[in-house]
2 protein chains.
Amino acid sequence: MTDAAHPLDAAEAALIDRYWRAANYLSVGQIYLLDNPLLRVPLEAAHIKPRLLGHWGTTPGLNFIYAHLNRVIRARDLDMLYICGPGHGGPGMVANTYLEGSYSEIYPEIAENEAGMKRLFRQFSFPGGIPSHAAPETPGSIHEGGELGYALVHAYGAAFDNPDLVVACVVGDGEAETGPLAASWHGNKFLDPRHDGAVLPILHLNGYKIAGPTIFGRMDDAALRQFFEALGHDPLFVCGDDPLVMHQAMAAAMDQALTAIAAIQAAARAGQAAPAAAPPRWPMIVLRSPKGWTGPKQVDGKRVEGFWRAHQVPIAAARENADHRALLESWMRGYRIEELFDGEGRLLPELRALAPVGGKRMGASLYANGGRRAPLDRPDWRAFEVAVPHPGGAVAEATRAAGAYLAELLRRSEAARNFRVMGPDETASNRLSAVFDVSDRAWMERIEPYDEGLARGGRVMEVLSEHLCQGWLEGYTLTGRHGLFNCYEAFVHIVDSMFNQHAKWLKVSRALDWRRPVPSLTYLLSSHVWRQDHNGFSHQDPGFIDHVVNKKADIVRVYLPPDANCLLRTLDHCLGTHDRINVIVAGKQPAPQWLTAEQAEIHCAAGLGIWHWAGSEQPGEAPDLVLACCGDVPTLETIAAADLLRQHLPDLRVRVVNVVDLMTLQPREEHPHGLTDADFEAIFTRTRPILFAYHGYPWLIHRLTYRRASHANLHVRGFKEEGTTTTPFDMVVRNDLDRYHLAMDAIARVPGLADTAGPARQAFRDALIAHHDYVTTHGEDMPEIRDWSWPYQTAADAGD
Amino acid sequence: MTDAAHPLDAAEAALIDRYWRAANYLSVGQIYLLDNPLLRVPLEAAHIKPRLLGHWGTTPGLNFIYAHLNRVIRARDLDMLYICGPGHGGPGMVANTYLEGSYSEIYPEIAENEAGMKRLFRQFSFPGGIPSHAAPETPGSIHEGGELGYALVHAYGAAFDNPDLVVACVVGDGEAETGPLAASWHGNKFLDPRHDGAVLPILHLNGYKIAGPTIFGRMDDAALRQFFEALGHDPLFVCGDDPLVMHQAMAAAMDQALTAIAAIQAAARAGQAAPAAAPPRWPMIVLRSPKGWTGPKQVDGKRVEGFWRAHQVPIAAARENADHRALLESWMRGYRIEELFDGEGRLLPELRALAPVGGKRMGASLYANGGRRAPLDRPDWRAFEVAVPHPGGAVAEATRAAGAYLAELLRRSEAARNFRVMGPDETASNRLSAVFDVSDRAWMERIEPYDEGLARGGRVMEVLSEHLCQGWLEGYTLTGRHGLFNCYEAFVHIVDSMFNQHAKWLKVSRALDWRRPVPSLTYLLSSHVWRQDHNGFSHQDPGFIDHVVNKKADIVRVYLPPDANCLLRTLDHCLGTHDRINVIVAGKQPAPQWLTAEQAEIHCAAGLGIWHWAGSEQPGEAPDLVLACCGDVPTLETIAAADLLRQHLPDLRVRVVNVVDLMTLQPREEHPHGLTDADFEAIFTRTRPILFAYHGYPWLIHRLTYRRASHANLHVRGFKEEGTTTTPFDMVVRNDLDRYHLAMDAIARVPGLADTAGPARQAFRDALIAHHDYVTTHGEDMPEIRDWSWPYQTAADAGD
């Protein structure tokens, strides 16, 4: 007899329990065994791994969930992803994908037989084998769970614009204490049942972390219900430790949850949801089960099951200590191997029949394994060209031009719904507002009549959490879709660690043939260090670039386009790439423009170039000095410095070099974009002084170039952590990056010049003093600084 | 007639309203005015700042709260801190500290008269003036609020072990969306009413962020009540926009909250709280008031008050546009200046009487301004010396030794309660468990009979959130107390951005005489990149050091002690410093020990040194090669490499240099710990090849040394992002940092050696292959690698 609270008949309950036991058996085997995988003979020391690594505590719960998800996938023909927050429960994810067959399809050497099982056990946390976490090597995973906090945000990211997908997401009670996870519960306010798939959060409370209790584990059910209902979720509780009771309860909760999800989606897709109502109450499950469930109750007289001692390897000395080994053997035999596998070590057919088939298996889902990368319909970026009659002959806001391009991208992807823009409430501030002409902000909460730019189904995502923006975009791109994260430069450090983990994921993924490429994750960092003059020191930090370049060269790209057309070209390029992380830093303030689209194409394709028009070198002659620049503000100051030098020292031969692609500076052996030494010297010369005006911390340029022969001639100016609330030009002055300091640096560096350039130097000093006096009196930069435009304009005009 | 719901009589309500209006007036004045501060004449363009900067939207709410906190401070003689989460409401914090007189005491040029008011207005967000946020320059602040998310965690940190303090903490509804803030609500589970002060969270809902609504602002009161009650708080609601109604409501809520706090503390301190019960339900306030309250309702026909357009400067063109200017003037006059200030611009005495006096003023609190730094009673670290009969003659876990020292620190600080250890559930994992002999983990939730190491009043703080650990320790040290944050090395990146903000805070604070020094924030990073072999790639990241050294040299210190005695000495040194951020990286695994305490003292005081006993140079002769090392694992591999070279190439003269203090490598001009060039060359030589084995990313060593003349001879090995789950030695092999690679590197680098060293090189290659075969067969490192100890042992013994 079955009913809604007991949906399993006795036979099905027994089968699911056996399936679960099989997964548990394989999990323990991975942690412990080198050999004797089916326990054909009594366990001996030589069968046990010398280093016992792995996390048992969370694993039986993960296996329990997997078995029940399999059931509903089959019953309802679902496409489902399993995001395993406690990724260190890797043995469970590996065990389950092995049981369902997807593992052996990808890794044929890990066959579904005794030899394969032996390899399966041996490879786990073994040199040359697989990591202990739900890593890229784990089929069906898009989430490693090594660093905790990002499970649920990845789940929502995967669900956006995947209407046929259900993302089951297990959140451990340890992870639930982290900040990013705590914020992630708000994902339901952004999930649109019409266009998006569903997320089924499963909070798995086993009560303990590594060495102590968890906050959520100690909350009672009433408080948990209150908490999640307040956040708009509808929690279903599955609590206990008796397997057969728990199977019924879990099956009932799953049925109820999936039915509710289907009802929400059906109502929304039939147009029945009131457009201005509160978001739907999506179901979630709270699973409270013992840590190390079904493992040893006690070891050496100490509490293990249901306690933190079950966290990692509950029986520590199984190789050396015969009592421990006997305990391990009785634990493993307790799963009754003969009810699970046949004589060859193959899962019994009635159990195998419990798993979904083909691409419905969670380990074989194309959503996870990279099979669904949809091409992005990019417009021709040249259509958004800012007209630049001659260098310095126009003023524009670079990011505003980018906004127009992004708006067109949003327009073209309206049907495919495979492009989103994420940002922490800064999209308008970063002057990308053109996107709102095409798409509103995603917003499922109440909308007031006077609100602007909010809608269900919006594809601009704004929430005041860099963690959510980053995590959503990771989940979105890892499931094959495209996007951009726009952020204030200083605060992108908030996601330093998420960047790390994503870069590591991509590095490993790229080496796995069976994982298809996924779209790159692209950052547009604006409101950057030089134009946070109004917000001050806390908002001034260009160090994310330094952080990024620590990662593998084949993964990271860093671009600092000097003007709008270069930004357009760079942005378009980045959005066409895959398996990378692109960082673009660009200003939002009105600034002189230098290159036409045609010139920008050539310049950006090369990654750097000599700007002859800005310098004063003579064809065929080596310059006296190279002024290099990277970043929009340093470029402006460098061009102005070259102009000052031309005025005051007309005989000095100056070369101006602009760098867009920072990676070109590295040696070719270090980065695929790196210049050869010959090319480097052709541009920067081998012997002439190089003054490099750089957007960020100056030592990064040294780090990238220290192997170049001309490095000894290199002098770099950049941000040296001198910031405050002041004027834009005063910011560069405080960091010695302004035109006058650069011109004085030039005088100091060119041999012999110091003797004759006294009057010029004095003029530059006087200008600085005059500016200082003006600025502290008037509170703004001097008019000629504010409105500086390339005086070459006149010359060029005259020449035409 | 007053009652609990209307505690103000009409006169007092009117006075508080006038005080609030005065603060609002001064706030608007700071944003807009250069001159005419008392509006003695009609506003002219010249009176208006040319650049209008500042955040009006949040400010009237902040001022409202300040006025009401003043009232309860006076009524109850409280010591109170105001943590202003929306720190960009800086005009409000400046206005209030000016009104109460603390501002002019610190900055006498900003006097309490018309001329002072003019300066007050002018300096705000003005070049040479003050930042727009609640920055270090703001009296009474320990929190800048530029980067959002850390208000509440700072508040709890300040309250721990400050039993007489109430920390009022305003959280904006934007900030409430961030992850760190979301996790911070759990602070109540760690606050012990017996030993700690109180936190009064004030969630300030004004409904909008920069350009859109907030999640919390759209939650109704019932959901908010449910949310906060679930988290164990007791919310009191103050909602509306009519000032006089709101004054009564706020006064009533404040009275109720402070009475409840007093009752909780009295019960706990009288020993009446059940020790195993749930934590007390501390009160909090939810203030729902319009964004830009009392500002213009509309500008240019567009909604401003109560909408996101009030966020920054509501009237944008007040200088250029006469209509805007008239609107501004009528807005400012609406506060009725004549009811606020006397003819000289001084606050009217009946209003001044509303502010507390002396150190009770929130702007003058010694808790905030650094006046309460309590000396830490440090033991003699030598008492914890690990006996090292000769280099390599002992094996120990460095952090375990540190744990014993920390336990004694906890013991000695038991009465003063001025030292805490923070960590994300990793204190035991990092092998600091000795601390639990002295103090349990702070835990206010239910404690089960079988739980271990949990107690109310514990001074070891564990929560699975690096954000909370960091933020608590910031709040704790900024209010004068001491502590240590122990963390896995890879995951400390989670707080990169918090580190940035704290470093910036310290940099600015150090330049302000009136801010007294505060204890340094010290990190002990363990479970580091080389010994996360079991957790794999996601746990392997040494880049925090790179991040840290971007900050100002006078703030940051980075130490990599090579063994236990060096760690003890370094830790003790760091805990005795102030106004710095110290980063210590040290291993937890059993490892050979090199130095006695006496030797460690000399070595660490110098920051680096030649280890003659490890090398093979002859007195008076230049070595053929320098093997330098920094970090415990690179040190072991370097010593082993030197040993291999001695065995195989006995004529080669090798110098071994160990670096503890990474900052010594920088030029003296760049860092106070930097060596002079002469000293650098005395140690590293000018001309000999230097092979540097470094703990982290190798390019950092290049970056620190590129100005040294011997830099051209420098070859660095370090972590090159090659990680996985494997054995410890295989990890160094994968990154070419092992003894064999180092020895082969040496052969390649010493001129002339390559020709004669063929057999040695072959031996090293063979050893690597043999090791690889062994490791992939047995799953552990070869015995001679696992148990490697300095063979010099025998020689030294023989020599004695």
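**View 1. The loop of chain B that holds Thr294(B).** In this predicted model, Thr294(B) sits in the loop that joins strand E5 (283-288) to strand E6 (298-299) of chain B, where strands (E, at least two residues) and helices (H or I, at least four residues) are DSSP runs numbered from the N terminus. The phi angle of Thr294(B) is near 75°, a positive value in a residue other than glycine. Thr294(B) is buried, with 23 other C-beta atoms within 10 Å; a residue is called buried if 20 or more other C-beta atoms, placed from the backbone, lie within 10 Å of its own, exposed if 12 or fewer, and partly exposed in between. Residues are numbered from 1 along each chain as its sequence is written, and chains are lettered from A and ligands numbered from 1 in the order in which they are written. Because the model is predicted, local features need pLDDT of at least 70 and side-chain atom pairs count only at pLDDT 80 or more, whereas totals for chains, interfaces and linings use all residues.

**View 2. The loop of chain A that holds Asp425(A).** Asp425(A) belongs to the loop between strand E9 (419-423) and strand E10 (441-442) of chain A, and its phi, near 65°, is positive although the residue is not glycine. Asp425(A) counts as buried, because 22 C-beta neighbours lie inside 10 Å.

View 3. The domain assignment, automatic or from a database, divides chain A into domain 1 (10-369), domain 2 (381-591) and domain 3 (607-799). The C-alpha centres of domain 2 and domain 3 of chain A are 28 Å apart, and their contact takes 32 residues from domain 2 of chain A and 34 residues from domain 3 of chain A, two residues being in contact if their C-beta atoms, placed from the backbone, lie within 7 Å. On the domain 2 side, helix H17 (544-548), strand E15 (556-559) and helix H18 (564-575) of chain A each supply at least two residues, and the largest share, three residues, comes from E15(A).

**View 4. The rotation axis relating chain A and chain B.** Chain A is superposed on chain B by a rotation of 180° with 0.0 Å of shift along its axis (RMSD 0.0 Å), fitted by least squares on the C-alpha atoms of residues with pLDDT of at least 70 in both copies. That is the relation of a two-fold axis. Among the residues of chain A, Gly179(A) comes closest to the rotation axis, with its C-alpha at 2.0 Å.
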